[in-house]
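Please keep the sequence and the model in view while reading the points below.

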Amino acid sequence: MAGALIVTAEIAPRDFSWIEGLRRAHYPADRNQVPAHLTIFHALPPSAEIELRTRLAQAVRAPPPSAVIAGLMNLSGGVAFRIVSYELDRLREELADSLHGLLSGQDSGGWRPHVTIQNKVAPKVARALIASLERGFAQRPLAISGLGLHRYLGGPWETIAVYPFRGAS
């Protein structure tokens, strides 16, 4: 839905540059229209923008949530890092409760936090990347610096606002 609002957990620069490098190396360039991201909500109505601005500004008064890159996800035609964060899960649940009635089917159907590094490729290509990444994989922390509010523009996104967590570096 063009114009829909997207909420992301903003990845801190020290982790973003590494993940974005992988995304640029493995995501088909002609389809890679947005940088690496951790989506919390995929499609909220544009009419909720003022409410979202208020709720996100309130949510970041807390310190940044702890998060871990816990594993790899096979997306059939792509690969993602599986993210585990009980604090981010709780934050999302609280936001979802407050946005009841505004959530799309995708957003109300559960959340599997992940950061996609490859998508829209043949399954064979995705399996090869997973095999390559699994050889050297070790869980690692993922720094979350804030919450982002974006507008979907039919492919690319427009960043409306970024709300840093208290004390985020």
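This is a predicted model: local features need pLDDT of at least 70, side-chain atom pairs count only at pLDDT 80 or more; totals for chains, interfaces and linings use all residues.

**Backbone angles in two loops**

- Ser76 is located in the loop that runs between β3 and β4.
- The phi angle of Ser76 is near 70°, which is a positive value in a residue other than glycine.
- Lys120 also has a positive phi, of about 60°, although Lys120 is not a glycine.
- The loop that holds Lys120 lies between β5 (114-118) and α5 (123-135).
- The relative accessibility of Lys120 is 44%, so this residue counts as partly exposed.

**The aromatic pair**

- How many aromatic pairs does the structure hold? There is 1 aromatic pair.
- The partners are Trp18 and Phe81, whose rings are 5.3 Å apart from centre to centre, with 25° between the planes.
- The pair is classed as stacked because its planes are under 30 degrees apart.
- Trp18 belongs to helix α1 (residues 13-26) and Phe81 to strand β4 (residues 79-84), so the pair ties together parts that lie 63 residues apart in sequence.
- Are the two partners buried or exposed? Trp18 is partly exposed, with a relative accessible area of 32%, whereas Phe81 is buried, at 2% relative accessibility.
- Apart from neighbours within four places in sequence, Trp18 is in contact with Ile69, Phe81 and Arg140.
- Between Trp18 and Phe41, which are 23 residues apart along the chain, the C-alpha atoms are separated by 23 Å.

**The contact between helices α2 and α3**

- Two packed helices are described by the angle between their axes and by the distance between those axes.
- For helix α2 (residues 49-59) and helix α3 (residues 86-98), the axes come within 11 Å and cross at roughly 150°.
- The two helices α2 and α3 are therefore roughly antiparallel to each other, a description that applies to angles over 145 degrees.
- The crossing in which α2 passes α3 is right-handed.
- Which residues make this contact? Helix α2 contributes Glu51, Arg55, Leu56 and Ala59, and helix α3 contributes Leu91, Leu95 and Ser98.
- Sorted by class, the contact of α2 with α3 consists of 4 nonpolar, 1 polar and 2 charged residues.

**Pro65**

- Pro65 is placed in the loop between α2 and β3 (68-74).
- With 9% relative accessibility, Pro65 counts as buried, because the limit for that term is under 20%.
- Which residues does Pro65 touch, if those up to four places away in sequence are not counted? They are Ser85, Glu87, Leu88, Ile144 and Phe165.
- Pro65 and Asp89 are 24 residues apart in sequence, and their C-alpha atoms are 9.4 Å apart in space.

**Gly146**

- Gly146 forms part of strand β7 (residues 144-152).
- The relative accessibility of Gly146 is 1%, so this glycine counts as buried.
- Not counting residues up to four places away in sequence, Gly146 touches Thr8, Ala9 and Glu10, as well as Tyr163, Pro164 and Phe165.
- Gly146 and Val84 are 62 residues apart along the chain, and 16 Å separates their C-alpha atoms.

**Pro46**

- Where is Pro46 found? Pro46 lies in the loop between β2 (38-44) and α2.
- At 38% relative accessibility, Pro46 is counted as partly exposed.
- When neighbours within four places in sequence are left aside, Pro46 is in contact with Gly3, Ala4, Leu5 and Arg151.
- The C-alpha atoms of Pro46 and Arg61 are separated by 24 Å, and these residues are 15 residues apart along the chain.

How values were computed. Residues are numbered from 1 along each chain as its sequence is written. Side-chain values use heavy atoms; hydrogens and water are left out. Axes are lines fitted to C-alpha atoms, for helices over the stretch in contact, and angles run from 0 to 180 degrees between N-to-C directions. Helices (H or I, at least four residues) and strands (E, at least two) are DSSP runs, numbered from the N terminus. Angles under 35 degrees count as roughly parallel, over 145 as roughly antiparallel, 65 to 115 as roughly perpendicular and the rest as oblique. A crossing is left-handed if the near helix is turned anticlockwise from the far one by less than a right angle, and right-handed if clockwise. Contact means heavy atoms within 4.5 Å. Ala, Val, Leu, Ile, Met, Phe, Trp, Tyr, Cys and Pro count as nonpolar, Asp, Glu, Lys and Arg as charged, and the others, Gly among them, as polar. Rings of Phe, Tyr and Trp (its six-membered ring) pair if their centres lie within 6.5 Å; planes under 30 degrees apart count as stacked, over 60 as edge-to-face and the rest as tilted. Buried means under 20% relative accessible area, exposed over 50%, partly exposed in between (1.4 Å probe, protein chains only).
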